[in-house]
Amino acid sequence: MNNYPKVNYIGNKEKLAEWIIQKLPIEKGTVLDLFCGGCSVSYALKEQGFNVISNDALFSNYVIAKAIIENNNELLSKEDINVDISKENQELKYKELEFLINNLYFAEEVSELANLISISEQLDGYKKYLFLSLLRRSMIRKIPYSRMNIKWDEIKKLRDEDYSYKKYGRYRHYHNISFLEHILENLQDYNKAVINTKATCIATNYDALDCLKNLTQPVDVVYMDPPYPSTMNKYDEFYGSFDVAMSREVEIKTDLTNKNTFLENFTEIIKLCVGKTKYIAISLNNKSFPSAELLLKHISNFIDEYTLSAKEHVYKVTGKENKKTNIEILLICKMKELL
């Protein structure tokens, strides 16, 4: 994972990805990463030579998958993004982005963003997705806590570097540098993340149920790390403004964030896996709902056998060291061949 870039994704499994892969019941083959998120597990799978289908309902995650999972060799240069955009095009794009003004960014920043999105529309192939991945990170990096659902008054307060220093002992200048500066600062890291392992890797942009319904060939493992209830799970709110800015609808059909409906909806996903995969691998932890035992109870009709692995893991947020220790659990189930 040395070449995996910084993506700023809540719940990212970057530090657990290699452990997860070590526990898989296969050493080669095809893995569907059904909720790929920041693509850390997909990336580790690709590094180790697995074929990967990297799927997510959010376009903001899909662009990462296209850029560093599906893409094997295409890189982005500074010259590629040195594109002149007409004043008319820039003004039209600015009007589309006015919802961001005094909501996430200042007016002059939205003007820059309009120009950069217009540039992205002039790019082709994987260069476009590399640029969009970099733009995505810059948009998130400029917002305190790296979440797009922070209230504007809080954003303004925390972007005041003197206030930030008094409160946190850090100036956090990265909130106030331009989008383009962020992009250029991270350009080489994203280019280094592009690797070719000769594996077949593709990115898809579906709701989980739709992804399984559209799966035309069986896979060896379906890996799942869904947005569990009682966790920071509002990914459509955290990153959905990127999708809207790119003229994409945020449409997550299968709600897995509600404690009252999670088991019913997740069981439907497991049911669809029958005949589509030999194994499922599910990440969860001891702090989340449901417990492994409750989850197994609901999916028992669709599996023949299972194993549980556990690993202590400390989550670090905003650079702080002392965070709650969680027990990460990996549930691996052998699927029934037929219902």
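Me: What does contact mean when the neighbours of P290 are listed?

Reply: Contact means heavy atoms within 4.5 Å. Leaving aside residues up to four places away in sequence, P290 touches Y228, F262, L263, L284 and L295. This is a predicted model, in which local features need pLDDT of at least 70 and side-chain atom pairs count only at pLDDT 80 or more, while totals for chains, interfaces and linings use all residues. Residues are numbered from 1 along each chain as its sequence is written, and side-chain values use heavy atoms, with hydrogens and water left out.

Me: Where does P290 lie, and is P290 buried or exposed?

Reply: Helices (H or I, at least four residues) and strands (E, at least two) are DSSP runs, numbered from the N terminus. P290 lies in the loop between strand 5 (277–285) and helix 13 (292–299). Buried means under 20% relative accessible area, exposed over 50%, and partly exposed in between (1.4 Å probe, protein chains only). At 0% relative accessibility, P290 is buried. In space, P290 and L184 are 42 Å apart, C-alpha to C-alpha, and 106 residues apart in sequence.

Me: How should I read the pairing of strands, and which strands does strand 2 pair with?

Reply: Two strands pair if DSSP finds at least two bridges between them. Strand 2 (residues 51–55) runs parallel to strand 1 (residues 30–33), and four bridges join them. Within this pair, T30 is opposite N51 of strand 2. Four of the five residues of strand 2 are buried.

Me: Which strands pair with strand 4?

Reply: Strand 1 pairs with strand 4 in the parallel sense over three bridges, and D33 stands opposite Y223 of strand 4. Strand 5 also runs parallel to strand 4, joined to it by five bridges; the bridge partner of V221 in strand 5 is Y279. Strand 4 (residues 219–224) has six of its six residues buried, so it is largely enclosed by the rest of the structure.

Me: How is the length of a helix judged, and how far does helix 5 reach?

Reply: The expected span is 1.5 Å times one less than the number of residues. Helix 5 (residues 107–120) has 14 residues and reaches 20 Å from its first C-alpha to its last, close to the 20 Å expected. Its buried residues are E109, V110, L113, A114, L116, I117, S118, I119 and S120. Among the elements that cover them are helix 4 (87–96), helix 6 (125–141) and helix 11 (235–245).

Me: Which residues does S133 touch?

Reply: S133 belongs to helix 6 and is buried, at 1% relative accessibility. Apart from residues up to four places away in sequence, S133 touches V63, I64, A67 and Y190.

Me: How are aromatic pairs classified, and how many does the structure hold?

Reply: Rings of Phe, Tyr and Trp (its six-membered ring) pair if their centres lie within 6.5 Å; planes under 30 degrees apart count as stacked, over 60 as edge-to-face and the rest as tilted. The structure holds 13 aromatic pairs. In one of them, the ring centres of Y9 and Y239 are 5.1 Å apart with the planes at 20°, so the pair is stacked. Y9 lies in the segment before helix 1 (17–23) and Y239 in helix 11, so the pair ties together parts that are 230 residues apart in sequence. Y9 is buried at 14% relative accessible area, and Y239 is buried at 1%. F238 and Y239 form an edge-to-face pair, 6.1 Å centre to centre with 75° between the planes. Y9, Y235, F238 and Y239 form one aromatic cluster.

Me: Which charged residue lies over the face of Y239?

Reply: A charge sits over a ring if NZ of Lys or CZ of Arg is within 6 Å of the ring centre and within 35 degrees of the ring normal. R136 lies over the face of Y239, 5.3 Å from the ring centre. Elsewhere, the charged end of K259 sits over the ring of F289, at 5.0 Å from its centre.
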